[in-house]
Amino acid sequence: MKANLPFEVKPLGSPAQRRGILLIHGLGDSPWSFVDISQSLAEQGFLVRTVLLSGHGTRPADLINADFRDWQTLVEKQVALLKQEVDEVYLGGFSTGGNLAFLYAEKDNDIRGLMLFSPGFQTDEPLISLTPAAALFRDWLRSEVPGTQTNIARYFQTPTNGFAQYYQTSKRVLDSLEDDDFDRPVFMVLTEHDSVLEVNEIRRLFNERFTHPDNRLMWFGSEPSAATDREIVVNGRMPEFRISNMSHMGILFSPENSYYGINGTERICRNGQEVLDAMAFCQQGNPVWYSAWGYQEEGKVHARLTFNPVFEQMMEEAFSVFDL
């Protein structure tokens, strides 16, 4: 499917390809995660390329044999190719892709900066460290064997080994940041109600280990404790858009996105609803609220939030970090 293929966007209005960026998707996702971000970057003169990590873009079961070292090798090869065409190379990543971007950049001082969207440095799942062993005995954590994907751009199920390979990237990021700082420009986005990540710990790492003075963290949620002047706080509750809070994936997409946007064709009703009537209500196209996975509020039915109402502001903040 076209949405799962890696793609390139050439800089708009500029024949000289002086600046390039490689964008790396997350676990269970696809290059299409960056369909809107890539256009914004191209408008700023970037040659933009995406990658498709092995085990992705086909069916969830193909992650059973995935290996994070293959993902790292792919990133290494694509960076080498990009270096042949541009003078300045940047990396960007979403979730697990953010881990891969960081792990490469820490070893290559030629990388000029990072754009990290919900980087998966640390999960809030306490048993994640058991998944490498569990993957040896159990392909799926749930008893039922999932089918194929039902969304053009991402998997809705992940085998045990997928989580195990994510854990391997996370462990290496945390081990690295325990010992060393990262002193090149970084733009990071986190959401307070992220259902996947331990965002307060990742925020701490940003403030303590990412030391470049131009760094910025865009935080969707309530005002965090001891907020610094490097943090941009955006209230994640936006009633005018029927949004209760921002989601892990919602930051990536423009409100105008034809698939995930305000008037998009895809609505993810599978959002941790405990009441079947709520799922049916959503699937019938009735007015719903939007949120991170698992959020519930009395009297409201929530679908997954798949768009970012302040997408343009987010990108402007990113560009300011790199003086674009």
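This is a predicted model: local features need pLDDT of at least 70, side-chain atom pairs count only at pLDDT 80 or more; totals for chains, interfaces and linings use all residues.

Reply: C269 lies in the loop between β8 and α7 (276–283) and C282 in helix α7, so the pair ties together parts that are 13 residues apart in sequence.

Me: What is the S to S distance of the disulfide that joins C269 to C282?

Reply: A disulfide is a covalent bond between the sulfur atoms of two cysteines. The structure holds one disulfide. It joins C269 to C282, and the S to S distance is 2.0 Å.

Me: Does C282 count as buried or exposed?

Reply: A residue is called buried under 20% relative accessible area. C282 has 1% relative accessibility, so C282 counts as buried.

Me: Which residue in β8 is the bridge partner of W219?

Reply: Strand β7 covers residues 216–220, and four of its five residues are buried. β7 runs parallel to strand β8 (residues 231–234), and four bridges join the two. Within β8, the bridge partner of W219 is V233.

Me: Which residue stands opposite M218 of β7?

Reply: Strand β6 (residues 186–191) pairs with β7 in the parallel sense, over five bridges. Together with helix α6 (residues 199–209), β6 and β7 make a right-handed β-α-β unit. Opposite M218 in β7 stands V189.

Me: How many residues line the largest pocket?

Reply: The largest pocket has a volume of about 1200 Å³. Its lining has 14 nonpolar, twelve polar and eight charged residues. F156, T158, F163, V196 and W293 lie nearest the centre of this pocket, and the residues that line it number 34.

Me: How much space lies in the largest cavity?

Reply: Rolling a probe the size of a water molecule over the atoms shows where empty space is left. The count of cavities of 30 Å³ or more comes to one. The space in the largest cavity is about 50 Å³.

Me: How many residues in the lining of the largest cavity are charged?

Reply: Among the residues that line the largest cavity are D29, W32, R154 and F253. Asp and Arg count as charged. The lining divides into seven nonpolar residues and two polar ones, and the charged residues number two.

Technical notes: Residues are numbered from 1 along each chain as its sequence is written. Side-chain values use heavy atoms; hydrogens and water are left out. On a 1 Å grid over the protein atoms alone, a cavity is a set of points where a 1.4 Å probe fits but cannot get out, and a pocket is an open set with protein on both sides within 12 Å along at least five of seven lines; lining residues have an atom within 4 Å of a point. Grid points are joined across faces, edges and corners, and a volume is the space filled by probe spheres set on the points. Buried means under 20% relative accessible area, exposed over 50%, partly exposed in between (1.4 Å probe, protein chains only). Two strands pair if DSSP finds at least two bridges between them. A crossover is right-handed if, with the strands pointing away from the viewer, the path from the first strand over the helix to the second runs clockwise. A disulfide is a pair of cysteine sulfur atoms within 2.5 Å.
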